[in-house]
Amino acid sequence: MMAHFAKIGENNIVDEVIVVHNNVLLDDNDVEQESLGASFCFDLLGGNWVQTSYNRNIRKHFAGKGFTFDEERDAFIPPQPYPSWTLNEDTCLWDSPVPYPEEGVHEWDEDNQEWVELLWTE
């Protein structure tokens, strides 16, 4: 088994994510302790490390470079895709001002605050 840790840099932004063997998290009673993994990462590479979960068991989302670690929410939050989008407090994802259309493939037009359907040509 493997565990993932995110290096938290300036302004709580994730600088990198690494994989370590779960054995480094085990205490003397074979119980996983995040602090042991964080210490392992610190000893290896320096910096501040926080565990992240590939299957999202902890901290809402799997961390990626550029994500923010929000200590209050104990969550990793992806970068805001557009200035008009707002953070959903429950999901820690960004919501567009207008819901995504039910049909078709669209992209967000920030200038006009609307979804624009992508039309495919041959």
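Tutor: We begin with aromatic pairs: rings of Phe, Tyr and Trp pair if their centres lie within 6.5 Å, and planes under 30 degrees apart count as stacked, over 60 as edge-to-face and the rest as tilted. Keep in mind that this is a predicted model.

Student: How many aromatic pairs does the structure hold?

Tutor: There are seven aromatic pairs in the structure. Take Phe69 and Phe76: this pair is tilted, because the ring centres are 5.1 Å apart and the planes stand at 45°.

Student: Are Phe69 and Phe76 buried or exposed?

Tutor: Buried means under 20% relative accessible area. Phe69 has 8% relative accessibility and therefore counts as buried. Phe76 has 0%, so Phe76 counts as buried too.

Student: What kind of pair do the rings of Tyr100 and Trp115 make?

Tutor: A pair of aromatic rings is described by the distance of the centres and the angle of the planes. For Tyr100 and Trp115 the centres are 4.8 Å apart and the planes are at 75°, so the pair is edge-to-face. Tyr100 lies in the loop between strand 7 (94-95) and strand 8 (106-109), while Trp115 lies in strand 9 (residues 114-117), so the pair ties together parts that are 15 residues apart in sequence. As for accessibility, Tyr100 counts as partly exposed at 40%, whereas Trp115 is buried, with a relative accessible area of 17%.

Student: Which residues do ring pairs link into a cluster?

Tutor: The cluster consists of Tyr82, Trp85, Tyr100, Trp108 and Trp115, linked by ring pairs. Two of these names come up again in the strands: Trp108 stands opposite Trp115 in strand 9.

Student: How many bridges join strand 8 to strand 9?

Tutor: Strand 8 and strand 9 run antiparallel and are joined by four bridges. Their hairpin has four residues between the strands, and Gln113 there takes a positive phi near 55°.

Student: Now the sheets. What is the strand order in the open sheet of three strands?

Tutor: Strands of a sheet pair through backbone hydrogen bonds, either parallel or antiparallel. In this open sheet of three strands the order is 2-1-3, and the pairing is antiparallel. Strand 2 (14-21) and strand 3 (48-52) stand at the edges with a single partner strand each, so one side of each is left without a neighbour in the sheet. With direction ignored, neighbouring strands of this sheet are turned by 35° against each other on average.

Student: Over how many bridges do strand 1 and strand 3 pair?

Tutor: Strand 1 (residues 2-8) pairs with strand 3 over five bridges, in the antiparallel sense. At the level of residues, His4 stands opposite Thr52 in strand 3, and Lys7 has Trp49 of strand 3 as its bridge partner.

Student: Why is strand 3 described as largely enclosed by the rest of the structure?

Tutor: Four of the five residues of strand 3 are buried, and strand 3 is therefore largely enclosed by the rest of the structure. Helix 1 (residues 34-45) lies across strand 1, strand 2 and strand 3, and runs at about 135° to strand 3.

Student: Where is Met1, and with which residues is Met1 in contact?

Tutor: Met1 sits in the segment before strand 1. At 75% relative accessibility, Met1 counts as exposed. Leaving aside neighbours within four places in sequence, Met1 is in contact with His21 and Asn22. The C-alpha atoms of Met1 and Asn23 are separated by 8.3 Å, with the two residues 22 apart along the chain.

Student: What pattern does the protein chain follow along the sequence?

Tutor: The protein chain has one helix and nine strands. Read along the sequence, the pattern is β-β-α-β-β-β-β-β-β-β.

Student: What percentage of the residues is buried?

Tutor: Buried residues make up 32% of the 122 residues in the protein chain. The accessible surface is about 8,300 Å², with 48% of it belonging to carbon and sulfur atoms. Among contacts between residues at least 6 apart in sequence, 35% join residues at least 24 apart.

Conventions. Residues are numbered from 1 along each chain as its sequence is written. This is a predicted model: local features need pLDDT of at least 70, side-chain atom pairs count only at pLDDT 80 or more; totals for chains, interfaces and linings use all residues. Side-chain values use heavy atoms; hydrogens and water are left out. Rings of Phe, Tyr and Trp (its six-membered ring) pair if their centres lie within 6.5 Å; planes under 30 degrees apart count as stacked, over 60 as edge-to-face and the rest as tilted. Buried means under 20% relative accessible area, exposed over 50%, partly exposed in between (1.4 Å probe, protein chains only). Helices (H or I, at least four residues) and strands (E, at least two) are DSSP runs, numbered from the N terminus. Two strands pair if DSSP finds at least two bridges between them. Axes are lines fitted to C-alpha atoms, for helices over the stretch in contact, and angles run from 0 to 180 degrees between N-to-C directions. Contact means heavy atoms within 4.5 Å. Accessible areas come from the Shrake-Rupley method with a 1.4 Å probe; for residues, only the protein chains shown count as cover.
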